[in-house]
Amino acid sequence: MSFTLSPLPYPFEALEPYIDAKTMEIHHDKHHGTYVAKLNAALEQAPQLHEWSLEDLLRRLSEVPEAIRQAVRNHGGGTYNHDLFWNILSPQGGGAPDGELGKFIARDFGSFDAFKEQFSQGAANLFGSGWQWLAVTPEKKLKLLALPNQDNPLSQGLVPILGLDVWEHAYYLKYQNRRTDYIAAFWNLINWKQVEKNLLKV
Ligand code: MN
């Protein structure tokens with residue numbers, strides 16, 4: 001069994017003007033594609049893991065043989081994280097969540113604006129490459145965390161429901177050093193219905 005690169009759920013240019021088509025093309029086809037290829041290459045050395053789901057690989061990282069653990073952490077994380085990312089973005093995104101997700105956010109952050117502020121600050125303050133996450137704890141509480149590289153909340157016993165890629169490859173062509181402009185643009189693209197689906201699956 002091997003993992004495949006899922007197609008983008010919309011055309012490369014669909015997220016313009018917030019994320020440009022060239023960035024989407026390189027990000028999906030090259031960066032995401034390389035994570036998938038390198039994950040598969042690492043797993044060739046561990047046939048005993050071939051029935052494991054991607055979620056299991058990240059949840060049970062400590063049980064992955066040491067020889068490929070870092071590769072699974074980096075490239076398994078890269079595969080999972082980008083799949084989640086493309087799906088929580090939408091050309092029809094933006095606004096604020098209602099329903100169950102809206103209630104969870106109000107309960108755990110006080111208000112949507114407070115949540116937005118804290119999430120954006122976390123993304124802006126993350127040093128180097130990584131992701132800002134909104135995840136669900138085993139007690140069904142929402143929690144913000146900023147993790148380096150392609151590390152995933154699953155490896156800490158949490159379930160990610162929203163993530164923002166703040167690697168420079170995600171924004172540099174259009175925004176150069178202006179990461180905060182990219183973060184501000186992100187709020188116009190969030191597919192809250194998908195984030196709520198992710199929450200309700202936990
Ligand atoms: Mn990326």
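Start by selecting Leu154: leaving out residues up to four places away in sequence, Leu154 touches Glu55, Leu58, Arg59, Tyr80, Val159 and Pro160 (contact here means heavy atoms within 4.5 Å). Before you click further, note that this is a predicted model, where local features need pLDDT of at least 70 and side-chain atom pairs count only at pLDDT 80 or more, while totals for chains, interfaces and linings use all residues. Residues are numbered from 1 along each chain as its sequence is written, and side-chain values use heavy atoms, with hydrogens and water left out.

**The loop between S2 and S3**

Stay on Leu154, which sits in the loop between S2 and S3 (helices are DSSP runs of H or I with at least four residues, strands are runs of E with at least two, and both are numbered from the N terminus). Is Leu154 buried or exposed? Leu154 is buried, with a relative accessible area of 4%; buried means under 20%, exposed over 50%, and partly exposed in between, using a 1.4 Å probe and protein chains only.

Gln150 counts as buried at 2% relative accessibility. Show its side chain and look for two polar contacts: one goes to the side chain of Tyr35 at 2.9 Å, and another to the side chain of Trp131 at 2.8 Å. A polar contact is a pair of N or O atoms within 3.5 Å; within protein, one must be able to donate a hydrogen and the other to accept it, and residues adjacent in sequence count only if both atoms are side-chain atoms. Setting aside neighbours within four places in sequence, the residues in contact with Gln150 include Arg73, Asn74, Asn81, His82 and Trp167.

Colour the chain by domain: domain 1 is 20-87 and domain 2 is 99-200, with bounds from an automatic or database domain assignment. Their centres, taken over C-alpha atoms, are 20 Å apart. On the contact itself, domain 1 puts in 21 residues and domain 2 puts in 24.

How much area do domain 1 and domain 2 bury between them? About 1,700 Å², with 59% of it on carbon and sulfur atoms; buried area is the accessible area (1.4 Å probe) that two parts lose on being put together, summed over both. Select Asn81, Leu84 and Phe85 in domain 1: these lose the most area to domain 2, together 30% of what that side buries.

Then show Asp151 and Arg73, whose side chains meet in a salt bridge at 2.9 Å, N to O. The rule for a salt bridge is a side-chain nitrogen of Lys or Arg within 4 Å of a carboxyl oxygen of Asp or Glu, and it finds one across the interface of domain 1 and domain 2. Polar contacts between the two domains come to nine residue pairs, both at pLDDT 80 or more. Helix H1 (21-43), helix H2 (54-59) and helix H3 (66-87) each supply at least two residues of the domain 1 side, and H3 gives the most, with 10 residues.

**His32, in helix H1**

Jump to His32, found in helix H1. At 0% relative accessibility, His32 counts as buried. Its side chain reaches the backbone oxygen of Thr79 at 3.3 Å. Beyond four places in sequence, His32 also touches Leu5, His82, Asp83 and Trp86, among others.

Select helix H8, residues 192-201; its buried residues are Trp192, Gln194, Val195, Glu196, Asn198 and Leu199. Which elements do the buried residues of H8 pack against? They pack against H3, helix H4 (99-109), helix H5 (112-125), strand S1 (130-136), strand S2 (142-148) and strand S3 (159-165).

Now show Asp98 with Lys193, a salt bridge whose closest N and O atoms are 3.5 Å apart. Asp98 lies in the loop between H3 and H4 and Lys193 in helix H8, so the pair ties together parts that are 95 residues apart in sequence. Asp98 and Lys193 are both exposed.

**Last stop**

Finish on Arg60 and Glu63, whose side chains form a salt bridge at 2.9 Å, N to O. Arg60 is partly exposed at 32% relative accessibility, and Glu63 is partly exposed at 46%.
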